[in-house]
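Subject: Structure for you to look at

Hello,

Here is the structure I promised to hand over. Please open it and keep it beside this email while you read.

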Amino acid sequence: MAHLPKAVVDGDCHVITMSAGNYGKALSYAANKLGIQATVLMPKTAPDNRAVLMRGYGSKVVKVDVSELQSKVDEKVANEGMYFCHPFDDLHLIAGHGSVGLEVLEDVPNPDIVLVCCGGGGLLAGTAAAIKLHCQTPCRVYGVEPKTACTMFQSRVKGDAVTDHTSHSIAAGLSPPYAGKNSFAHNKAFVDDILLVSDSEIISAVKLLYKAGLKVEPSGAAAFSALMHHKVPNVSGKTVVVVITGGNVSPEELANIFDI
């Protein structure tokens with residue numbers, strides 16, 4: 001938000017983004033504080049409680065099919081002059097996510113392994129870059145994606161950022177229609193590998209974390225799921241850090257998860 005163009009700051013145009021939860025909430029909060037009008041396009045698969053919170057900050061929320069998210073954003077930018085705040089592929093945003101990696105190193109100066117969930121890849125990109133550039137000892141950084149929404153994994157296989165409009169998962173926040181180009185470039189440079197987990201494995205992680213006293217949404221529990229289900233290679237005796245993100249889960253959603 002510190003790098004918004006003057007037209008937005010002056011109120012001459014609105015901001016728009018696409019998000020299943022966390023970024024939309026953050027943008028809505030910041031826009032409210034700055035007196036800026038925001039529109040958030042959400043995938044239809046995202047739980048309604050996220051939209052309620054964003055609307056509470058004054059944002060307009062519109063639900064669309066995952067396959068239409070980017071095209072609808074582009075349409076609003078072209079026809080209504082809105083400014084697109086990218087939810088994962090903005091370099092300033094990626095740099096900001098680097099603070100996660102620096103905080104990890106403050107608390108655990110010499111981790112052997114760091115696990116980070118991956119959707120569009122911005123959080124993973126910034127965290128991995130900070131750890132690889134500042135950690136004083138060798139450290140492996142892994143991204144974790146749902147098997148059914150693995151655009152970053154596919155991108156690593158192809159060698160270029162891919163689009164997949166069929167992406168879907170109970171972890172809605174990790175199911176964007178494409179991997180970011182900037183995120184992918186950072187991924188190639190700083191991430192050791194992408195690990196894949198199933199929805200059932202993510203659900204089991206949500207349940208275990210809840211029983212341990214942590215209310216974590218499926219997207220936020222994905223990285224822990226990889227550790228819990230033995231997806232991480234050569235982990236015995238290692239110092240492992242798991243980045244757990246997002247508590248956007250309502251009591252109703254938790255009840256449904258525990259019924260699965």
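Which residues does Glu201 touch, not counting residues up to four places away in sequence? They are Ser225, His229 and Lys231. Contact here means heavy atoms within 4.5 Å. Glu201 is found in helix 9. At 14% relative accessibility, Glu201 counts as buried. The cut-offs are these: buried is under 20% relative accessible area, exposed is over 50%, and partly exposed is in between, with a 1.4 Å probe and protein chains only. Helices (H or I, at least four residues) and strands (E, at least two) are DSSP runs, numbered from the N terminus.

A word on the source. This is a predicted model, where local features need pLDDT of at least 70 and side-chain atom pairs count only at pLDDT 80 or more, while totals for chains, interfaces and linings use all residues. Residues are numbered from 1 along each chain as its sequence is written, and side-chain values use heavy atoms, with hydrogens and water left out.

Now the helix packing. Helix 6 (residues 122–134) packs against helix 8 (residues 181–190) at an angle of about 35 degrees. Their axes are 9 Å apart. Axes are lines fitted to C-alpha atoms, for helices over the stretch in contact, and angles run from 0 to 180 degrees between N-to-C directions. From helix 6, the contact includes Leu124, Ala128 and Lys132. From helix 8, it includes His186 and Phe190. The residues of this contact divide into six nonpolar, four polar and one charged. Ala, Val, Leu, Ile, Met, Phe, Trp, Tyr, Cys and Pro count as nonpolar, Asp, Glu, Lys and Arg as charged, and the others, Gly among them, as polar.

Next, the cores. A nonpolar core is a set of buried Ala, Val, Leu, Ile, Met, Phe, Trp, Tyr and Cys residues joined through side-chain atoms within 4.5 Å. The largest one has 48 residues, and Val114 and Ile131 touch the most other members. Apart from that core lies another, of 11 residues, among them Val15, Tyr23, Ala31 and Cys85. Tyr23 sits in helix 2. Tyr23 and His86 are 63 residues apart in sequence, yet 9.2 Å apart in space, C-alpha to C-alpha.

Then the aromatic rings. A search of the whole structure finds three aromatic pairs. Rings of Phe, Tyr and Trp (its six-membered ring) pair if their centres lie within 6.5 Å; planes under 30 degrees apart count as stacked, over 60 as edge-to-face and the rest as tilted. Tyr29 and Tyr57 have ring centres 5.5 Å apart and planes at 80 degrees, so this pair is edge-to-face. Tyr29 lies in helix 2 (residues 22–34), and Tyr57 in the loop between helix 3 (48–56) and strand 3 (60–64). Tyr29 is partly exposed at 42%. Tyr57 is partly exposed at 30%. Tyr210 and Phe258 are another edge-to-face pair, with 5.5 Å centre to centre and 70 degrees between the planes. Tyr210 is in helix 9 (residues 199–211) and Phe258 in helix 11 (residues 251–259), so the pair ties together parts 48 residues apart in sequence.

Last, the backbone. His230 has a positive phi of about 60 degrees although it is not a glycine. His230 is exposed, with a relative accessible area of 72%. Asn234 has a positive phi of about 50 degrees, and it is not a glycine either. The place of Asn234 is in the loop between helix 10 and strand 8.

Best wishes
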